[in-house]
Amino acid sequence: QGMAFTLEERQQLNIHGLLPPCFLGQDAQVYSILKNFERLTSDLDRYILLMSLQDRNEKLFYKVLTSDIERFMPIVYTPTVGLACQQYGLAFRRPRGLFITIHDRGHIATMLKSWPENIIKAIVVTDGERILGLGDLGCYGMGIPVGKLALYTACGGVKPHECLPVMLDVGTDNEALLKDPLYIGLRHKRIRGQAYDDLLDEFMEAVTSRYGMNCLIQFEDFANANAFRLLHKYRNKYCTFNDDIQGTASVAVAGLLAALRITKNRLSDHTVLFQGAGEAALGIANLIVMAMEKEGVSKDAAIKRIWMVDSKGLIVKGRASLTSEKQRFAHEHGEMKNLEDIVKDVKPSVLIGVAAIGGAFTKQILQDMAALNKRPIIFALSNPTSKAECTAEQCYKYTEGRGIFASGSPFDPVTLPSGQTLYPGQGNNSYVFPGVALGVISCGLKHIGEDVFLTTAEVIAQQVSEENLQEGRLYPPLVTIQHVSLKIAVRIAEEAYRNNTASTYPQPKDLEAFIRSQVYSTNYHSFVADSYTWPEEAMKVKL
């Protein structure tokens, strides 16, 4: 607490004289941090400043974050966290979280006992193989679980001492890191196969044995093949989800549901084309199918509305070496390679970029989308900003201001030639995972089904006002994210109790009040000892 300790607290804690003779409120401390933040010129230095604050004074760190979440989120999470992960050896000050390696098999339960907290409600785990759009960063990827859990607290109010970031270090295939003198992880190629699977199995068993079957385990930034495989393997056994697949899907579908209020039609009226066919694309596509089914369309009819392009071109029936996930969206069509040609041929009304190929949506593609549709929906969802398929300005310019745009990373407002200013919607997963985590933890949900993410998408879309839509926003303003997270958590809990999938009993009479009571407070506790007297007669010394 620093200079926020009162005189009485300083005296009782024996720290009087160790602090300057000045008493500052928390707001003054926030002001001091903001002044230091503004002095710095690089976002990496700002990231280091905030992480140092998190190490030193957790309550103040979250007070600062929540004082202006729109300003600080791009620093503690995307896009700056990507740069921080690339420079993690340089930025490394103090270890946060638990580092478990492939050589610790057979001893993970013992390692979990090293963690000082006995009650853990949420874990974010990565193996660092696919960090954002940056690829294999090995142990440097620890910045992602740390940043993610900071947003669990800042956006969802999940208590930070009940969160645990975990790095599963199985090596790295990144040659530059293996030669990096500052690299903090194991210096060998990634270990795969049975040894890898055994490590994951042991980790899941050890975590649930120590913290309970209701402990939420979020998988983050695993490579495509492992991400889907592990999700299918564990989703019905543990309380787990993969944010890259399911969180991204939820926030993208939320944007589409909000866009429908502009296009004035149903989701099943649209043809969707994906640039990319990895975790994010397949996750979004599967949730779109679910949303279309809810409109009364058959699963087969819904799948026919969705087309995908991967690194080898349009995904069509009969194409060689398609994974089972991709085969689901393969249609009868000739093979095509060029995205511009594919757009002309498929004639999509929705174009979604999730392949981390910067500038993939060319001027020609954007103009064609505008020619094909009165209000084309264009989502450039790849992170960080350098990987975005197009900028907000390019989208609005080449669609003559008619494009309905959302992106994964933040873009500045764009003023059209007409004078109208549009605020591009940022389809940030932080609209999803903090609220999902709060809801799941509050009601003790045992397994997290796809319905949770469709519910979340619907709640987010409902929070977008008509005024927001007119400004070009497809998501609620970030300043309202704590309110949105609470709404998501309440809906998830309501549905869990209705479906008998909750395990927190008795069911609270007022769910919203109960969940609010679970939310972390950034205000300081009093450290004054509970001091009181007895009646004088009772305190008399007996000779």
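This is a predicted model: local features need pLDDT of at least 70, side-chain atom pairs count only at pLDDT 80 or more; totals for chains, interfaces and linings use all residues.
Trainee: Into how many nonpolar, polar and charged residues does the lining of the largest cavity divide?
Mentor: There are seven nonpolar, one polar and four charged residues in that lining. Residues are numbered from 1 along each chain as its sequence is written, and side-chain values use heavy atoms, without hydrogens or water.

Trainee: What makes a space a cavity or a pocket?
Mentor: On a 1 Å grid over the protein atoms alone, a 1.4 Å probe fits in a cavity but cannot get out, whereas a pocket is open, with protein on both sides within 12 Å along at least five of seven lines; lining residues have an atom within 4 Å of a point. Two cavities of 30 Å³ or more turn up in this structure.

Trainee: How much space lies in the largest cavity, and which residues line it?
Mentor: The space is about 150 Å³, which means the volume filled by probe spheres set on grid points joined across faces, edges and corners. Tyr47, Met51, Asp55 and Arg96 are among the residues of its lining. Helix α3 (43-56) gives the most, five residues; a helix here is a DSSP run of H or I with at least four residues, a strand a run of E with at least two, numbered from the N terminus.

Trainee: What about the second largest cavity?
Mentor: That one has about 30 Å³. Its lining includes Phe219, Leu230 and Asn242, and α12 gives the largest share, three residues. By the list above, the lining comes out as four nonpolar, two polar and no charged.

Trainee: And how big is the largest pocket?
Mentor: About 860 Å³ of space lies there. Its lining has 47 residues, with Arg130, Glu279, Ala280, Val354 and Ala355 nearest the centre. They split into 16 nonpolar, 19 polar and 12 charged, and α13 gives the most, four residues.

Trainee: Last one: why is Met539 called partly exposed?
Mentor: Met539 has 44% relative accessibility. Buried means under 20% relative accessible area and exposed over 50%, with partly exposed in between (1.4 Å probe, protein chains only). Met539, at 44%, therefore counts as partly exposed. You'll find Met539 in helix α25, residues 536-539.

Terms used: Ala, Val, Leu, Ile, Met, Phe, Trp, Tyr, Cys and Pro count as nonpolar, Asp, Glu, Lys and Arg as charged, and the others, Gly among them, as polar.
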